[in-house]
Amino acid sequence: MSAHSLLCERIILAKELIKRAEALCRSQKDGIEGGPKLCRKLKAELKFLQKIEAGRICIKESHLQSTNLTHLQAVIESAENLEDIVGVLHVFTYKDSFGEKQNLVVDVVANNGHTWVKAIGRKAEALHNIWLGRGQYGDKSIIEQAEDFLQASCQKPIQYCSPHIIFAFYNGLSSPMAERLKEMNISVRGDIVAVNLSMNCLKEDHCFSSSESDNGDECFQMTKVDRDTLIASVAFPTMLKVNTCNRVNLDITTLITYVSALNYGGCYFIFKEKVLTEQALQERCESVLPQLEEFMKEKELFACESAIKDFQIILETIGGPREKYRATLLMDRIHVVPDQPSDYASKLVTSSKINNRSLIIFGTGDTLKAITMTANSGFVRAAANQGVKFSVFIHQPRALTESKEASSTPLLKH
């Protein structure tokens with residue numbers, strides 16, 4: 001293919017990828033973190049190629065071969081094959097084995113954060129040669145990069161579980177490297193091709209060694225990728241297995257929401273209190289209880305003593321008889337535990353949004369390694385602003401309203 005034909009092909013590809021990236025960002029209700037960055041990178045590539053086309057840059061084959069489009073295309077295709085994308089080209093900071101801060105770019109963060117994907121566009125031959133130590137100085141092998149991913153993922157748990165890692169290869173992968181990644185518990189996507197022995201092991205003083213070999217003194221056999229022999233073609237799994245947390249810590253706001261009359265037909269009122277009328281309208285538009293039940297299903301329920309004590313005081317003060325009865329049934333399902341806020345939570349400085357009671361409740365959930373269910377999104381944001389991020393399930397709030405119904409205006413149930 002001539003340089004001009006290759007240029008035209010790259011420009012068409014860049015325009016197509018921009019459209020796909022923009023569609024990808026629109027596919028998620030709240031957008032995708034890093035989506036604008038992805039679009040900017042693609043537009044910069046297109047602009048560069050158009051400058052070559054216009055004659056403003058002398059055309060060289062290297063300009064076309066070194067383009068980032070291959071990698072960006074792999075990122076988009078990975079994202080298109082997965083669900084619940086929350087980020088692309090996301091930078092995670094972690095500490096390496098020497099305690100030094102390092103940055104790691106995860107091409108796609110999927111499955112609501114439970115899955116990290118690295119998209120690789122380099123050819124299987126180049127990847128294999130680097131692994132054998134035949135790459136250029138400073139080239140990092142895929143296995144070394146996998147070690148970085150594993151180290152970073154252990155430091156960035158989602159709901160107390162490390163994210164699952166997928167390496168997606170869009171230009172093939174040699175079978176020995178695929179086996180090594182599998183041993184490291186990293187999933188592989190792409191074509192796995194065979195390798196052929198190109199020569200016998202050289203003498204020790206002339207052999208190529210590899211940091212991945214079991215014994216550094218042994219010669220690493222020289223192999224060459226055989227692209228014509230396809231061993232397996234692995235697609236993205238349709239269902240990704242995720243290690244989910246089976247423990248739930250209930251905040252006071254969740255306890256109140258769960259038993260509120262608003263969830264049980266009591267949303268067809270105009271209350272004297274504006275906030276209650278607004279919650280009733282929200283409930284008529286979208287019921288909260290099914291969301292709570294779905295999340296709590298087949299999980300252990302916990303609540304700390306402070307949460308239960310304050311919930312019972314509120315219930316006795318303004319709760320109606322049916323709300324109190326539902327609370328009794330709910331309490332039978334809950335393990336009440338002593339207040340035990342974690343050291344992690346104790347880093348927080350109290351403020352208008354961070355009071356001692358919430359610190360105890362969320363901190364106890366952290367000690368239990370449980371996901372805290374809450375409607376207190378203000379606390380969660382304020383804590384995150386101080387660098388303390390809790391594992392939470394946030395829902396809309398519902399107040400106790402049964403005792404207010406007698407003084408409210410009923411609505412027709414359409």
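A quick word on the ground rules. This is a predicted model, in which local features need pLDDT of at least 70 and side-chain atom pairs count only at pLDDT 80 or more, while totals for chains, interfaces and linings use all residues. Residues are numbered from 1 along each chain as its sequence is written, and side-chain values use heavy atoms, with hydrogens and water left out.

By pocket I mean, on a 1 Å grid over the protein atoms alone, an open set of points where a 1.4 Å probe fits, with protein on both sides within 12 Å along at least five of seven lines; lining residues have an atom within 4 Å of a point. Grid points are joined across faces, edges and corners, and the volume is the space filled by probe spheres set on the points.

So how much space lies in the largest pocket? About 1,900 Å³. Its lining has 44 residues, and Asn112, Gly113, Ile158, Gln159 and Phe390 lie nearest the centre. Strand S1 (87–95), helix H14 (377–385) and strand S13 (392–394) are the elements giving two or more residues to that lining. Helices (H or I, at least four residues) and strands (E, at least two) are DSSP runs, numbered from the N terminus.

Now the second largest pocket, with about 930 Å³ of space. Here 35 residues form the lining, and Thr70, His71, Ile120, Gly121 and Arg122 lie nearest the centre. Which element gives the most to this lining? That is H4, with five residues. S1 is among the elements that supply at least two residues here.

Let's stay with S1 for a moment. S1 and S2 run antiparallel, joined by eight bridges; strands pair if DSSP finds at least two bridges between them. His90 stands opposite Val106 in S2. The hairpin of these strands has five residues between them, and Gly99 takes a positive phi near 80°.

Finally, confidence: pLDDT is the predictor's confidence in each residue, from 0 to 100. The chain's mean is 88, and 89% of its residues reach 70 or more. Over residues 200–220, though, pLDDT is below 50. Where pLDDT is low, the predicted coordinates should not be read in detail.

Note on methods:
Contact = heavy atoms within 4.5 Å.
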